[in-house]
Every structure is written in C-alpha cells, then in structure tokens.
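Student: I am new to this one, and I would like to go through it step by step. Could you show it to me?

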Amino acid sequence: KNEASVFDITDGSCKQCFRVLDSDLCYVDRSALPQDCVTPPQLHEIPLSSQRPLRSSGDAFGALTFNERVSPPEPRILSLIGRVGSSGQPFLLTGGSDCCIRYWSLAASSKCYTFSGLSNCQPRLSCESINIGPSSRLFLCRQMPVATAGEMEGSKVPRKLERGQIRPENCHTDAILDLKLIDRPMKGVLSASRDGCVKVWR
C-alpha cells in the first residue's frame, strides 16, 4: 500500500500510520470509506523454516494468475528516511512508485505535504488525523487529481490551462527508489529514481 507506519518495537503496536488514499476515494466521506482504509496495520508473526524450497523462475511465473500479470501495480512506498527523536521536529520522507516525495510530520497532519511529483494546477495534499485507541493515530491523506478544462466552468479555468508552452515540471518521471538527507555543503534531500536521475532538493 501507499503508506508508512511507525511501530513500537516493545509490543509491536502501530503508533502512527501515514496513508495516501486512492484517487477514486479522495471525495468519499470518512464515514463511507472501506474499513481497511481507516484501520491501522498490524504486525503478524511469520514462522521461518530452516530449509527454504527452491523454485525456478519459470515455476514462479507460472503460479501467477492472469489478473496479476496484466493489472498495473498499486502505488506503494519504495524509499523512506526520517528523523525520530526527542530533539527537533520528528518527520518522515517517503518516495514511491507514484513519483511523489512526501513530507510527513509526526506532530500534526496539517504540516504534511507533497514537495515533488504534483502536476501543474494539482491541489495540495489534504490530511486529517484519526485517533485510534489511547496512543495510536492514523493520518489519512487525500491527493486530489488534476481537474481537466472540460470538468470546470469556463470562468474557473486556471490561466495555466489557457496559455501556451510552460516550463516543464521539475520532478521524477518514474518510481523513486532511494532518499538521503544531506547537511553539507548545504542542507537538502537527495532522491534517486528509476528514470536515471538523481536530484537535489533544498
């Protein structure tokens, strides 16, 4: 899923979960969302065998169903970095298959935002906090899609859709595979993507 979570290593409970809803659920009221969208993730014990059976790549491919072969994968987080501690503002940075880099504040949902990957005229990330239990919180985030000119009234069409060529967007065009914080020679973020580019964000 397109989400990141912080767990308590002493008991395995989820303390905070940052979840991005699918685009088709962005306008659905919280009370009407599917139950799995408002439920925090849980850790499950997985027994590990001392012997692992060997399978050829042909057998693994043959085990896939037809739908698994042709359906596009769901957006998911592929890279994560952050600072969690008693000093400063704790946060997480995530990058994923949706080409977006997001900043998640562990303190308040109003401070979460997407700083790379949004299209021109696309609304900003909208987040709400849901308290689940005495010490668990779910940050539910909605990334609204870009409205086309045909979906808006003529008087409300943004000027960016009425003019000619515009400067290309400075974001990755494929999945973001790695993130790294840097302090020297300047503070920023490095991102590496499957599109073959490494970008520096200040």
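Student: How many disulfides does the count come to?

Tutor: Welcome! This is a predicted model, where local features need pLDDT of at least 70, side-chain atom pairs count only at pLDDT 80 or more, and totals for chains, interfaces and linings use all residues. Residues are numbered from 1 along each chain as its sequence is written, and side-chain values use heavy atoms, leaving out hydrogens and water. Taking a disulfide as a pair of cysteine sulfur atoms within 2.5 Å, the count comes to 1 disulfide.

Student: Which cysteines form a disulfide, and which strands do they lie in?

Tutor: The sulfur atoms of C127 and C141 are 2.5 Å apart, and these two form a disulfide. Strands here are DSSP runs (E, at least two residues), and helices are runs of H or I with at least four, numbered from the N terminus. The pair ties together parts 14 residues apart in sequence, because C127 lies in strand 7 (residues 126-132) and C141 in strand 8 (residues 136-142).

Student: Are C127 and C141 buried or exposed?

Tutor: Relative accessible area decides this: under 20% is buried, over 50% exposed, and in between partly exposed (1.4 Å probe, protein chains only). By that rule, both C127 and C141 are buried.

Student: Which cysteine sulfur is nearest to that of C14?

Tutor: C14 is buried, with a relative accessible area of 10%. C14 is in no disulfide, and the nearest cysteine sulfur, 5.2 Å away, is that of C17.

Student: Where is the place of V38?

Tutor: Look between strand 2 (14-20) and helix 1 (57-62). V38 sits there, in the loop.
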